[in-house]
Amino acid sequence: MSSFLSAQGVAKIFPRTEGDVVVLHDCDFHLAEGEAVAVVGSSGSGKSTLLNILGGLDTPSRGQVTFREQPLRYGDHGAMQRWRTSGVGFVFQFHFLLPDFTARENLLIPVRAQRQVTAEDEERAHHFLDVMGLADRSGHLPGELSGGEQQRVAVARAFMNKPAIVLADEPFGNLDQEIGARLGDLLFSIRQRESTSLVIVTHDPGLARRADRTLRLDCGQLRPFEEDRDNI
């Protein structure tokens with residue numbers, strides 16, 4: 001499989017009066033189409049920063065990210081907005097659902113960011129709610145859902161616009177182990193059915209083992225991590 005999302009020599013440096021903080025240092029990353037990659041590493045190692053750069057939520061201090069050999073244009077607000085709303089889907093540790101929108105309406109937010117909602121979009125939202133076991137909760141507000149149900153909506157929302165890549169940052173870190181494992185099954189099942197590439201940051205060995213490859217972020221750079229995937 002050829003690499004279709006790549007980062008070459010990416011660095012992220014935060015200037016401080018007492019000295020710059022280097023989070024990523026000449027970091028290289030390659031993701032093949034349809035591949036799932038887990039990224040592990042200690043807290044504060046820069047895993048979330050890397051995901052934010054890949055997803056266009058943050059700008060690298062230097063280096064380049066390409067998608068299908070075309071550089072992401074971080075200085076072009078319109079281009080990056082299109083990348084964030086159509087190229088990638090996001091799942092964060094916190095669900096970030098809009099409290100005054102129902103589960104169905106929250107699923108349709110990425111669509112509304114691009115265009116008017118069609119009957120096909122409504123059907124797709126209904127399908128995802130059904131897959132997530134939330135068909136009877138479609139009209140409920142986030143405050144009327146459990147934490148696990150809220151995160152199910154967040155996972156489904158990430159796939160609504162048929163993105164090429166889903167970026168997941170500790171997506172089940174706030175849930176207990178049993179619920180997180182069930183949601184992990186749903187995440188990987190949907191991404192396989194949708195033929196979506198996945199980059200998942202996790203401390204959970206079970207989730208990391210589900211990926212095709214595991215990389216460790218250490219000292220600002222990514223390295224293969226295959227020796228002991230139980231020790232994550």
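How many Å apart are the mean positions of the positive and negative charges of the protein? In this predicted model, the 25 positive and 32 negative charges have mean positions that are 3 Å apart.

The overall form of the protein may be considered next. The protein contains eight helices and ten strands. Its C-alpha trace spans about 50 × 40 × 40 Å along the principal axes. For 232 residues, a compact globule would have a radius of gyration near 17 Å, and the value of 18 Å for the protein agrees with this. Of the 232 residues, 50% are buried. Among contacts with a separation of 6 or more, 69% are between residues 24 or more positions apart. The protein exposes about 11,200 Å², and carbon and sulfur atoms supply 48% of that area.

From its first C-alpha to its last, α6 reaches 19 Å with its 13 residues, which is close to the 18 Å expected at 1.5 Å a residue. Because eleven of the 13 residues of α6 are buried, the helix is largely enclosed by the rest of the structure. The buried residues include G148, E149, V153, R157 and F159. Several elements surround them: the buried residues of α6 pack against the strands β6 (88-91) and β7 (165-169), and also against the helices α3 (103-107), α4 (109-112), α5 (119-131) and α7 (177-193).

Leaving aside neighbours within four places in sequence, Q150 is in contact with H95, L97, P142, G143 and L145.

The loop between α5 and α6 holds L141. The relative accessibility of L141 is 30%, so this residue counts as partly exposed. The C-alpha atoms of L141 and L97 are 9.2 Å from each other, although the two residues are 44 residues apart along the chain. When neighbours within four places in sequence are left aside, L141 is in contact with P99, D100, F101 and T102.

Helix α7 is one of the elements against which the buried residues of α6 pack. With 17 residues, α7 reaches 24 Å from its first C-alpha to its last, close to the 24 Å expected at 1.5 Å a residue. Its buried residues are G180, L183, G184, L186, L187, F188, I190 and R191. Some of these positions, such as L183 and L187, or L186 and I190, may be compared with a general rule. An α-helix has 3.6 residues a turn, so residues three or four places apart point the same way. The buried residues of α7 pack against β3 (36-40), α5, α6, β8 (197-201) and α8 (205-210).

S42 is found in the loop between β3 and α1 (47-54). Is S42 buried or partly exposed? With a relative accessible area of 47%, S42 is partly exposed. Not counting residues up to four places away in sequence, S42 touches K47, H203 and R216. S42 and D218 are 176 residues apart along the chain, yet their C-alpha atoms are separated by 7.8 Å.

Note on methods: Residues are numbered from 1 along each chain as its sequence is written. This is a predicted model: local features need pLDDT of at least 70, side-chain atom pairs count only at pLDDT 80 or more; totals for chains, interfaces and linings use all residues. Side-chain values use heavy atoms; hydrogens and water are left out. Helices (H or I, at least four residues) and strands (E, at least two) are DSSP runs, numbered from the N terminus. The radius of gyration is taken over C-alpha atoms; the globule rule is 2.2 Å times the number of residues to the power 0.38. Buried means under 20% relative accessible area, exposed over 50%, partly exposed in between (1.4 Å probe, protein chains only). Contact means heavy atoms within 4.5 Å. Accessible areas come from the Shrake-Rupley method with a 1.4 Å probe; for residues, only the protein chains shown count as cover. Lys and Arg count as positive and Asp and Glu as negative; His and the chain ends are not counted. The place of a charge is taken as NZ of Lys, CZ of Arg, CG of Asp or CD of Glu. The expected span of a helix is 1.5 Å times one less than its number of residues.
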